[in-house]
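Trainee: I should like to learn how to read strands, helices and chain symmetry from a model. May we work through one case together?

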Protein chains: 2
Amino acid sequence: MKRSERLVDMVKYLLARPHTLIALPFFADRYGAAKSSISEDLAILRQTLANDQNGILETVAGAAGGVRYIPFVGKKEATNYLHDLADRIEDPDRILPGNFVYLSDILGSPQDLQQIGQLIATKYAYSNVDYVMTIETKGIAIAQAVSRFLNVPFVMVRRRPKITEGSTISVNYVASSSERVEKMELAKRLLPEGSNVLIVDDFMKGGGTLTGMEELVKEFKGTVAGMCVLCETKYASQKVVDDYQSLIKITEVDRTKKLIKVRPGNFLEQTDFNRFPK
Amino acid sequence: MKRSERLVDMVKYLLARPHTLIALPFFADRYGAAKSSISEDLAILRQTLANDQNGILETVAGAAGGVRYIPFVGKKEATNYLHDLADRIEDPDRILPGNFVYLSDILGSPQDLQQIGQLIATKYAYSNVDYVMTIETKGIAIAQAVSRFLNVPFVMVRRRPKITEGSTISVNYVASSSERVEKMELAKRLLPEGSNVLIVDDFMKGGGTLTGMEELVKEFKGTVAGMCVLCETKYASQKVVDDYQSLIKITEVDRTKKLIKVRPGNFLEQTDFNRFPK
């Protein structure tokens, strides 16, 4: 097989398996090629990704070594995308009664979910995340998008008990939107004890729901790798969490005045984009 | 830029934009290469995908022409995956009280969702689908996975009214699991009138929920491109739909006897896999 054909297959193979170590002999066997040729192929791949600032090919040296594809977005692309997204959300037609903001189109768009997933997976690429967690319903799209690029499973916390998931562990929390005490629960067999969990959601007001998920992770004897939301909005009282990332921040929304102001959240400042090899 | 570098970038670019027509001059500009070189690159790409039976690069001739990447799985890979999945589901530990079957791990696995999404997108690759539709909650993972590979948006039907989606259209339906009349609804602005809609769900018993979604599509003056579920199960009464695909079929499940029998559904027979160029 020629180099050009090997490269086509290799890119496709690696992109379908992010964060997975692939041994060099595997590729050598797959293509019936010498290891030295495979090493040259991978060097081309590594350099092209670095030039594009879109993806990192990591080399792990040694007998148990190989390569690993890390989905990773450069700062320029991240900045452009988040400004474009903020502009699209800053549309008075999105303001619903009660000053809720319509985001369902974005949460159903494969191109947006691809970008959002890649961005969040960039921030947590080196955080050893075992599971992504979210709460039904709209957070699911975000969790699944991130899960794809970190290549770890996602688990869905329930607001209502379900009979199709077996026994559960539950916690109480105060939802910032309703100020009421609510209950959330997760099926026991979904999350192994001691997991490192990235919590994501579509929307955050006061942070009550995120806090609830943090407690749920503790009940499963796990650790929280981070918390990240697509969209945060201003909140009259103090937020109950402070260590979180937001991709987008809605700073003002008023349906009667048809006014909505949106800008990128704290994600851009809080992410280390300098990971590309020279 | 060398051919090998162009190919790496091209594969990555096309894989991120399935079903999208890319004009040849776009690539020629992007790489500062002659159109004849780009044509040769694309011929290599097309042939490698065809040899692997994993993906189709379609050429559209003429002034407005270009290429289009179609995610498409070969019959062998589809068959192997569905037999493997059936084997993993055929596990008595999955039987929950009430003879429900635990599938949440599969619905949260990025590798399974990638395979499931590609399979369903293969079946409907040439059906001109505008939107993928599902009903909350577990169908979402399937819809999002298919949406990624068909590169069209997905919409989520609600079982309970939500205040963050604006005005809705609702229908009544009889859920096969409870035999009760229920209500489902979809936000009006999510689905344009006259859309061609692919309906997907995680689980099907009698088909009542699918029928409800069919009626909802009619309320939006749309057409149904097809209906596909991850898993169908035997049902004592007659199913209310017949024109559907299932990836997996559970033929027997009995918690008291710790018995579960699973095999691939009708998907394999009903899909035309012979689309690869020679």
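Mentor: This is a predicted model. Let us begin with strand pairing in chain B: strand β9 (residues 196-204) of chain B and β10(B) pair over eight bridges.

Trainee: In which sense, parallel or antiparallel, do β9(B) and β10(B) pair?

Mentor: They pair in the parallel sense.

Trainee: Which strand does β10(B) join by five bridges?

Mentor: That is strand β11 (residues 245-254) of chain B, and the two run parallel. Here B:E232 stands opposite B:K249 of β11(B).

Trainee: Why is β10(B) described as largely enclosed by the rest of the structure?

Mentor: In general, the side chains of a regular strand alternate between the two faces of the sheet. As for β10(B) (residues 223-233), eight of its eleven residues are buried, so the rest of the structure largely encloses this strand.

Trainee: How many bridges join strand β7 (residues 168-174) of chain B to strand β8 (residues 181-187) of chain B?

Mentor: There are seven, and these strands run antiparallel. B:S170 stands opposite B:E185 in β8(B). Their hairpin has six residues between the strands, and in it B:E179 takes a positive phi near 60 degrees.

Trainee: How does one check the length of helix α7 (residues 208-219) of chain A?

Mentor: One compares the expected span with the distance between the end C-alpha atoms. At 1.5 Å a residue, the twelve residues should span 16 Å; the ends are 17 Å apart, which agrees. Just after α7(A), A:K221 takes a positive phi of about 55 degrees.

Trainee: Which residues of α7(A) are buried, and against which strands do the buried residues pack?

Mentor: The buried residues are A:G208, A:T209, A:L210, A:G212, A:M213, A:L216 and A:V217. The strands of chain A that they pack against include β5 (131-135), β9 (196-204) and β10 (223-233).

Trainee: How are the two chains related?

Mentor: Two copies of a chain are related by a rotation about an axis and a shift along it. Here a rotation of 180 degrees, with 0.0 Å of shift along its axis, superposes chain B on chain A (RMSD 0.0 Å). The copies are therefore related as by a two-fold rotation axis. In chain B, the C-alpha nearest the axis belongs to B:S4, 2.9 Å from it. The same surface serves both copies, with 100% of the contact residues of chain B recurring in chain A.

How values were computed:
Residues numbered from 1 in each chain as written. Chains lettered and ligands numbered in written order. Predicted model: local features only at pLDDT ≥ 70, side-chain atom pairs only at ≥ 80, totals over all residues. Heavy atoms only, no water. Helix = DSSP H or I, 4+ residues; strand = E, 2+ residues; numbered from the N terminus. Expected span 1.5 Å × (residues − 1). Buried < 20%, exposed > 50% of the residue type's maximum accessible area, 1.4 Å probe, protein only. Contact = heavy atoms within 4.5 Å. Pairing = 2+ DSSP bridges. Least-squares fit on C-alpha atoms with pLDDT ≥ 70 in both.
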